[in-house]
Amino acid sequence: MKLTGIELRRVGMPLVAPFRTSFGVQHERDVLLVRVVTDQAEGWGECVAMGDPLYSPEYVDAAADVLRRFLIPALGDADRLTADRVGHVLHGFKGHRMAKCALEAAVLDAELRAEGRPLARELGAVRDSVPCGVSVGIMDSVPELLDAVSGYIDAGYVRIKLKIEPGWDVEPVRAVRERFGDELLLQVDANTAYTLADAGQLARLDPFDLLLIEQPLDEEDVLGHAQLAKLVTTPICLDESITSAATAAAAISLGACRIVNIKPGRVGGYLEARRIHDVCMAHGIAVWCGGMLETGIGRAANVALAALPGFTLPGDTSASDRYFSTDITEPFVLDAGYLTVPTGPGLGVAPLSDQLDAVTTSTEWISL
Ligand SMILES: O=C(O)CCC(=O)N[C@@H](C(=O)O)c1ccccc1
């Protein structure tokens, strides 16, 4: 397969409602899409970097820059490029995992489309559909939260994730438990908002039988999570801390987590995501697929990944309408709490040109 050129396309996708986390409020997604054109097919990848470096050091303008100046030229210089070599070719460039993921995913999509192979099969999927959880932001009041959770349960979501932060943790969790009962699969996500000094407050969540507490401490505080794990009974899940199979193995060995949220963009691509899945399975650590408010392009790839055997917990693989009134692909629609794994070649979906053009804010063609 010979690369002939790559398109960097920015799209502006308004959210159906503001999405508040411990690090800020999202009103829209400024998404960078990568389209790889080869002599045999073309492929798409989605960069999940946010507009600001608040979730991770990456942000979308930096991703576009590093792709344009470093990552894409490096691919252009490579001989006989295949998707499984992209990570190796880009390894010399430090960080920028979300940018690398988008590029590798687009090459992988093109390669699989040319060969007529679905991404799910390439990754080792064992399921035809995946159970879907939903992430619920921080709200202005508990009644507003309960209304939102009620709507998602009515929509069929099989698991509820509540964003928490100091001052919005025990009360909303208690209210959701009391309203919706003990059977509801419920977890929380702090996005690094606490410190080890908050262990007593976090331990007050233990009576609510949560599936997990996600990333309570700073992403670099792996030892702190290992100490916290001795002070609370709710399983610790890591997100921001896990950037590779190596860091996953280290965190597990240190006892810093019992569950891992796998996000391909955070770890540099779907092939590294599969390696993390394999490491976690070997250690008996459950994994689930996180989300970054992806369009149908990233969503399709995440649903394929979530179908691997070690993904034993519902992920943040929500329907398209959780975030967008109109997606740029055929929408992902929940069916009894599940999303169907795409079966077409590559991603199995592609942008719908009218929808894509309607939200495109810029395009840039880079010849190779
Ligand atoms: O369903 C989704 O796609 C979003 C799931 C979610 O809560 N993502 C969180 C997270 O920290 O995992 C996030 C939101 C916005 C930006 C970065 C991360």
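Me: Which domains does the domain assignment of the chain give?
Reply: The assignment gives domain 1 (3-116 + 352-367) and domain 2 (121-340); the bounds come from an automatic or database domain assignment. This is a predicted model, in which local features need pLDDT of at least 70 and side-chain atom pairs count only at pLDDT 80 or more, while totals for chains, interfaces and linings use all residues. Residues are numbered from 1 along each chain as its sequence is written, and side-chain values use heavy atoms, with hydrogens and water left out.

Me: How far apart do the C-alpha centres of domain 1 and domain 2 lie?
Reply: The C-alpha centres of the two domains are 23 Å apart. In contact terms (heavy atoms within 4.5 Å), 32 residues of domain 1 touch 41 residues of domain 2.

Me: What area is buried between domain 1 and domain 2?
Reply: About 3,100 Å² is buried between them, and carbon and sulfur atoms give 67% of that area. Buried area here is the accessible area (1.4 Å probe) that two parts lose on being put together, summed over both.

Me: Which three residues supply more than any other three of the area that domain 1 buries against domain 2?
Reply: They are Phe 19, Arg 20 and Tyr 55, which supply 23% of the area that domain 1 buries against domain 2.

Me: How many salt bridges are there between domain 1 and domain 2?
Reply: The count between the two domains is two salt bridges, each being a side-chain nitrogen of Lys or Arg within 4 Å of a carboxyl oxygen of Asp or Glu. Arg 20 also forms a salt bridge with Asp 140, with the closest N and O atoms 3.9 Å apart.

Me: And how many in the whole structure?
Reply: A search of the whole structure finds 22 salt bridges. One of them joins the side chains of Asp 65 and Arg 69, at 3.1 Å from N to O. Both residues lie in helix 1 (residues 60-76), four residues apart, about one turn of the helix. Helices (H or I, at least four residues) and strands (E, at least two) are DSSP runs, numbered from the N terminus.

Me: Changing topic: what volume does the largest pocket have?
Reply: The largest pocket has a volume of about 350 Å³. Of the 18 residues that line this pocket, Gly 87, His 91, Arg 97, Lys 100 and Val 267 are the closest to its centre. Helix 2 (83-90), helix 3 (97-115) and helix 11 (270-282) each give two or more residues to the lining.

Me: How are "pocket" and "cavity" defined?
Reply: On a 1 Å grid over the protein atoms alone, a cavity is a set of points where a 1.4 Å probe fits but cannot get out, and a pocket is an open set with protein on both sides within 12 Å along at least five of seven lines; lining residues have an atom within 4 Å of a point. A volume is the space filled by probe spheres set on the points, which are joined across faces, edges and corners.

Me: What does the lining of the largest pocket have by class?
Reply: The lining has four nonpolar, eight polar and six charged residues. Ala, Val, Leu, Ile, Met, Phe, Trp, Tyr, Cys and Pro count as nonpolar, Asp, Glu, Lys and Arg as charged, and the others, Gly among them, as polar.

Me: How many cavities of 30 Å³ or more does the structure hold?
Reply: The structure holds five such cavities. The largest cavity contains about 210 Å³ of space. Its lining comprises 20 residues, with Phe 19, Lys 163, Gly 291, Met 292 and Leu 293 nearest the centre.
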